[in-house]
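Colleague: I am new to reading protein models, and I would like to know where the words come from. Please take me through some of them.

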Amino acid sequence: MPSTTRRPAVAAVLALLVSLTMTVAWPSAPARAASTFTNPIATNAPDPQITYVNGYYYLLSTGLDKIQIKRSPTLVGLGAAQVKTVFNAQPFTGYTVDIWAPEMHRIDNKWYIYFTGAPSSFFGFSTEHRLFVLENTSADPFSGTWVNKGRIVTPGGDHWAIDGTVFTNNGKRYLAWSGRASTFDFVSRIYLAEMSSPTTLTGPRVLLSSPTATWETQGTAVDEAPYVVKRNGRLFMTFSGSNCTTDDYALGLLTAGEYSNLLDPASWVKTQGPVFTKNPAQNVYGPGHNSIFRAADGTDWLAYHANNGPEQSCGTNRNLHVQRITYDTLGAPVFGAPTTSAQQAPAGE
């Protein structure tokens, strides 16, 4: 039979333990430090486009003789991403050289890549550059087969055309690109046309922007590389001005209302000056040919290429930079200045 004299002592010990448990502040798990990074996040990535879908960031950029898709589960990981080659330049075709500025878009449950090609080039001065498109019916752009759907014939005389990008608004699909007014015209302008299918345009082409300001005419007169996002009831079309051989290559902006007639040039308002320019203090020169993407955490980001020193022209020194976009009280994007200082990665990375 157990002793009854030990019960008060046991009860006292238990009470003391309960008291200690209630009064002692037990250490909690350390908070996870925010992940940071610095630009550039990848080398040799001119004309970058980044898309986030199905848990991956996908990167396309100019490869000259090929199109490659790179993917990573994190944004900063694109520098060491998986790589898949989906297209190679082919002799005696319209895409023998200068495979420029590929962009990947999801349309009608298929993937499309729009790119520029040329049959020949003399230091980029060919007048034969045109737009082409690939199609993939797989839900995963890393799977399936990319089929060459041929050339996109642009209205207005089927002249020189590069840097095609697509977007939708109010049930209509559009293609914007950089083109020339005639065969022997060498001024690059931004045009827009409606699409009847992902591979076909229905005229006319509409001129949205010509390079007339000083900031658009450094080296030569150039407006190129349009990219469109719809935010806060408006469409924002970024584009690059001046020749990419100069350190003054920079971004401009066109804005139109969501319910305006996008084929009316008067619907688009152009900023009087550039919205994103070189920053020598941060060793960023010639920032341009951008895309805008939504990260995994719902924040908006700018992807662009830039040189890390002056007078490096349009070569392989153009590296991939990314940085967060904010919006002002009226809903317009605020791009800030190019930076190589530490930035916080999207939440969760």
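Modeller: Let us begin with the words for segments: helices (H or I, at least four residues) and strands (E, at least two) are DSSP runs, numbered from the N terminus. By that rule, the protein has one helix and 23 strands. Gly 156 is in the loop between β9 (147–152) and β10. Residue numbers start from 1 along each chain as its sequence is written, and this is a predicted model. Local features need pLDDT of at least 70, side-chain atom pairs count only at pLDDT 80 or more, totals for chains, interfaces and linings use all residues, and side-chain values use heavy atoms, leaving out hydrogens and water.

Colleague: Why does Gly 156 count as partly exposed?

Modeller: Buried means under 20% relative accessible area, exposed means over 50%, and partly exposed is in between (1.4 Å probe, protein chains only). Gly 156 has 48% relative accessibility, so it counts as partly exposed. The C-alpha atoms of Gly 156 and Gly 203 are 7.8 Å apart, although 47 residues separate the two along the chain.

Colleague: And what makes Val 76 partly exposed?

Modeller: Its relative accessibility is 29%, so Val 76 falls in the in-between class. Val 76 sits in the loop between β4 (66–72) and β5 (82–88). Its C-alpha is 8.4 Å from that of Glu 349, which is 273 residues away in sequence.

Colleague: How do you know which residues Val 76 touches?

Modeller: Contact means heavy atoms within 4.5 Å. Leaving aside residues up to four places away in sequence, Val 76 touches Phe 37, Ile 41, Ala 345 and Glu 349. For the protein, among contacts between residues at least 6 apart in sequence, 51% join residues at least 24 apart.

Colleague: How many aromatic pairs are there by the rule, and what is that rule?

Modeller: Rings of Phe, Tyr and Trp (its six-membered ring) pair if their centres lie within 6.5 Å; planes under 30 degrees apart count as stacked, over 60 as edge-to-face and the rest as tilted. The count comes to 14 aromatic pairs. In one of them, the ring centres of Phe 87 and Tyr 95 are 5.4 Å apart and the planes meet at 65°, so this pair is edge-to-face. Phe 87 and Tyr 95 are both buried. Phe 115 and Phe 132 are stacked, with 5.7 Å centre to centre and 25° between the planes. Phe 115 belongs to strand β7 (residues 110–118) and Phe 132 to strand β8 (residues 130–136), so their pair ties together parts that are 17 residues apart in sequence. Ring pairs link Phe 87, Tyr 95, Phe 115 and Phe 132 into a cluster.

Colleague: Why does Phe 132 count as buried?

Modeller: Its relative accessibility is 5%, which puts Phe 132 in the buried class. Phe 115 is buried too, because its relative accessible area is 1%.

Colleague: What makes you say that Arg 71 lies over the face of Phe 142?

Modeller: A charge sits over a ring if NZ of Lys or CZ of Arg is within 6 Å of the ring centre and within 35 degrees of the ring normal. Arg 71 is at 4.3 Å from the ring centre of Phe 142 and lies over its face. Arg 205 lies over the face of Tyr 191 as well, at 4.1 Å from the ring centre.

Colleague: What does the side chain of Asn 136 reach?

Modeller: It reaches the backbone nitrogen of Ser 138 at 2.9 Å. A polar contact is a pair of N or O atoms within 3.5 Å; within protein, one must be able to donate a hydrogen and the other to accept it, and residues adjacent in sequence count only if both atoms are side-chain atoms. Asn 136 is in strand β8 and is buried, because its relative accessible area is 0%.

Colleague: Which backbone atoms lie by the side chain of Ser 291?

Modeller: A polar atom of that side chain is 3.3 Å from the backbone oxygen of Pro 48, and one is 3.2 Å from the backbone nitrogen of Ile 50. Ser 291 is in strand β18, and its 0% relative accessibility is why Ser 291 counts as buried. Of the 349 residues of the protein, 49% count as buried.
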